[in-house]
Amino acid sequence: MEAPPSVAVLTEQIGAVSVEVGHCAELLATLLDDQEGVPELLASWSRETLGRWPDLLLGAGAAIDDGSRCRLHWWQLGGSGLDVLLVDVDPSSMGYYDFTRSKWYTGPRKSGTSHLTGPYVDYLGTDRYVATMTAPILVGDEFHGVAGVDFDLSKLERRFLAASRGSAGHLALTNGEGRIIASDARGLSCGELLDQGELVSVVPTGTDEAWMLWELG
Amino acid sequence: MVESADGAAEQPGRRLGEAIFAPVGEVEGRTDEIVKRIIQGISLGVLKPGEQLPTESELAAQLGVATLTVRGALAQLRERNILETRRGRVGGSFITAEPSEARAMLRERLTRLSPLDIRDIGDLRVAVSTAAVVLAARRGAISDFDHLRAAVAELGAGLGSEAFALAEQRLHLEIVALSQSPRLTRAEVEAQSEMSDVLALRHLSEDEMARVAKGFAELADLVCERRGLAARSWMEEHMAEENSELLEFYRLTVREG
């Protein structure tokens, strides 16, 4: 089946976000040596991207590995506009965040393509429940970090619930490994794993394999 | 605060109101947290006598707090002879306290908690971790389990007692995060932070560490096999044992001090 029109609008937007993240990663790959230009570019990219999809996104930025160390440049929508996200980089502290071991970082490094991590409890970073879409920054075959966005799951689930109203069957939006981002089916909620032994079929959304829309039988 | 000529600023009611709503409490809490972290860092041997701390603004950026908050914390640490500030071209803040002195300070801090606090925080941790492990077994994805096994393997890597305690706390957090529940995760973070002095001070023997590491490896297997109820029983037993040991440790330490 095809997605109901209102759901298709939503999946097209998620697809557009993914394309935008990919563009940002490609641009960063050409600017890696520009020590001052990169944070500036990222600040304005994050502002624009978060402004473009305010009812889907929570944060945006990049983690860039310049060969000697890896830095996080991340911005997040706060009560009074955009806040810089600061993380604990002290290895001896309880809240130490080695994000180079996070799935949103290792996923694109392994696959070489976009990756949708979560929903997950980001207790070391934003301290929120998010899903993170990241794309690798590649110079040739060499991996130099990721560009990405955080989806605000409360917003996304509300959008999904409104969009899927009146659709014939039940739907589930998941990440690449079947973790539910949003669903309108009884007993399925955000964060659960979709049991793919159930009668399910993929609804084509015409985008990458980082996320999927399922029709439940 | 604006003082008016009629002395309105001196009215007790108004002062109390200001005290309740002023952001100072929050700032004091943060100052205290920084002081605690640095003392714990020294007792763990991560910060060594003679070592220079990053600048105030670097620390503020790393800790995500205002420079003023860092300045307050450094002043407190100076007063207690934990660090000294040298002026001039090679100036900065340098650690002066020895690990043993830092540990003595942590022991002193313990008396802020009562035995009831220790039991009560322990009860909360049992509730959180047993509920979380059931959900983790249901909601964890295969890729999460790889991560979990790697984190468990670190426990068995011959760590020192303090590093082991830290690794075990991180592991608890990873398991709770697998539950996909932000509220359970936050409850665990808060309980750990309240208990952190006790957890950091307690010395574990090689045998104890080996036993706990082996237990967690079994737990990881149960979670990965999605046997939530068995994992729950293991966790309940483990936490009950740990809580009674923590309370015993607390009693001994407070009596000695």
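These notebook entries record what I looked up in a predicted model.

**Entry 1: strand S1 of chain A.** I began with S1(A), residues 57-65, and asked how many of its residues are buried. Eight of the nine are, so the strand is largely enclosed by the rest of the structure.

**Entry 2: partners of S1(A).** I then looked up the strands that pair with S1(A). Strand S6 of chain A, residues 142-152, runs antiparallel to S1(A) and is joined to it by seven bridges. Within this pairing I noted A:Ala62, whose bridge partner is A:Ala147. Strand S2 of chain A, residues 70-78, also pairs with S1(A) in the antiparallel sense, over seven bridges. Here I found A:Leu72 of S2(A) opposite A:Ala63. The hairpin of S1(A) and S2(A) has four residues between the strands, and A:Gly67 takes a positive phi near 105 degrees.

**Entry 3: chain A against chain B.** I next examined the contact between the chains, where 18 residues of chain A meet 20 residues of chain B. On the chain A side, strand S4 (residues 115-121) gives the most, with three residues. By class, I recorded nine nonpolar, six charged and three polar residues on that side.

**Entry 4: helices H3 and H4 of chain B.** Lastly I turned to H3(B), residues 56-63, and H4(B), residues 67-79. Their axes come within 8 Å and cross at roughly 110 degrees, which means that H3(B) is roughly perpendicular to H4(B). The crossing is right-handed. From H3(B), the contact draws on B:Glu56, B:Ser57, B:Leu59, B:Ala60 and B:Leu63; from H4(B), on B:Thr67, B:Val70 and B:Arg71. I classed these contact residues as four nonpolar, two polar and two charged.

Notes. Residues numbered from 1 in each chain as written. Chains lettered and ligands numbered in written order. Predicted model: local features only at pLDDT ≥ 70, side-chain atom pairs only at ≥ 80, totals over all residues. Buried ≥ 20, exposed ≤ 12 C-beta atoms within 10 Å, placed from the backbone. Helix = DSSP H or I, 4+ residues; strand = E, 2+ residues; numbered from the N terminus. Pairing = 2+ DSSP bridges. Contact = placed C-beta atoms within 7 Å. Nonpolar A, V, L, I, M, F, W, Y, C, P; charged D, E, K, R; others polar. Axes fitted to C-alpha atoms, helices over the stretch in contact; angles between N-to-C directions. Parallel < 35°, antiparallel > 145°, perpendicular 65-115°, else oblique. Left-handed = near helix turned anticlockwise from the far one by under 90°.
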